[in-house]
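Q: I would like to go through this structure with you. Could we begin with how its strands are described?

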Amino acid sequence: MAAKRVIGVDLGGTKILAGVVDGDGRIMGSVEHPTPTMSQAALLDALESAVREVLAPDVGAVGFGIPSRLDHRKGIALGAVNIPLRDVPFEAEMEQRLGLPVGVDNDANVAALAEFTFGAGRDARDLVMLTLGTGVGGGVVLDGQLYRGWAELGHMVIVEDGEPCQGACSGRGHVESYCSGGAADRLARRVIGRGATARDLVAREHEALNEIGSHLGAAIGSLANIFNPEVVVIGGGFGVAAGERLLQPARSVILREALAPAGQEVRLALAELGGKAGLIGAALVGLEALAARVGS
Ligand SMILES: [Zn+2]
């Protein structure tokens, strides 16, 4: 990251986390504020003021990780489920407000970049990450480069005409339908009883987790067939908490589904950066924006 430091901003559905990150991925000081959800203008103002709060003279760029689909060709945030962002030229808007180079990517992509650079994938050249949280997000790093495209890996079909997906997704049988924390909550209610959640499945090391792990294995097997990654990193609150209870049943399905030797060779790892991955990955995207500016 050379001498310059960058600011990373992790925009979540409930909180904005902003901090200065140095060349080794260390967070040098951060602030946290609730995410305003009443209007887009209030949200953009809050993001600007969170950046200004941590801004220092040696900061060279700002990166944002946002829970939104993005049109990278035009730099537009197309829409998010839980926050008021719709058809915003996000990058241009923030560059104008802050007077610094700005990079933006979706939250799952920046988490993948952070784990690749400083976390569970730091020794790899190719990585696929799946974050099993409320939904399922994904990111892909190939030959050291973050794939800046769609990468909605959570909406890959693993069961044709299967369980309905969540939220605004009209699909069925998606990874998110089976492997998200939300899906685990539904499974918990079915196998334990009313009021039970994913936490109960994990606390009891419930055998129903095998079912989720098998579905996860089908997803990873397909991803291995497409990308042949060195490592698949599982993150997200539910993913990390359930950990080996999902990875163990996943492994045998991966061996069945993935063509040799991709299935035998792929390493499965749990995310290491936890709640900091979003902020650190956002800073890395800011750094890319800075490098692009210097290079041009
Ligand atoms: Zn879906």
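A: Two strands are said to pair if DSSP finds at least two bridges between them. Please note that this is a predicted model. Within strand β5 (residues 69-71), R69 stands opposite G79 of β6.

Q: In which sense do β5 and β6 pair, and over how many bridges?
A: Strand β5 and strand β6 (residues 76-79) pair in the antiparallel sense, over three bridges. The two form a hairpin with four residues between them. In that turn, G75 has a positive phi of about 70 degrees.

Q: And which residue stands opposite A77?
A: That residue is V88 in β7. Strand β7 (residues 86-88) pairs with β6 in the antiparallel sense over two bridges.

Q: Changing topic, how many aromatic pairs are there?
A: The count comes to one aromatic pair. F64 and F90 form it, edge-to-face, with 5.1 Å centre to centre and 85 degrees between the planes. F64 lies in strand β4 (residues 59-66) and F90 in helix α2 (residues 90-98), so the pair ties together parts that are 26 residues apart in sequence.

Q: Is F64 buried or exposed?
A: F64 is buried, with a relative accessible area of 0%. F90 is buried too, at 0%.

Q: Now helix α9: where does it bend?
A: The bend is at A250, by about 30 degrees.

Q: Which residues of α9 are buried?
A: They are L246, L247, P249, A250, V253 and I254. What covers them includes α7 (209-227), β12 (231-235) and α8 (237-242).

Notes. Residues numbered from 1 in each chain as written. Predicted model: local features only at pLDDT ≥ 70, side-chain atom pairs only at ≥ 80, totals over all residues. Heavy atoms only, no water. Bend = angle between axes of the 7 residues up to and from the residue. Buried < 20%, exposed > 50% of the residue type's maximum accessible area, 1.4 Å probe, protein only. Contact = heavy atoms within 4.5 Å. Phe/Tyr/Trp six-rings, centres within 6.5 Å; stacked < 30°, edge-to-face > 60°.
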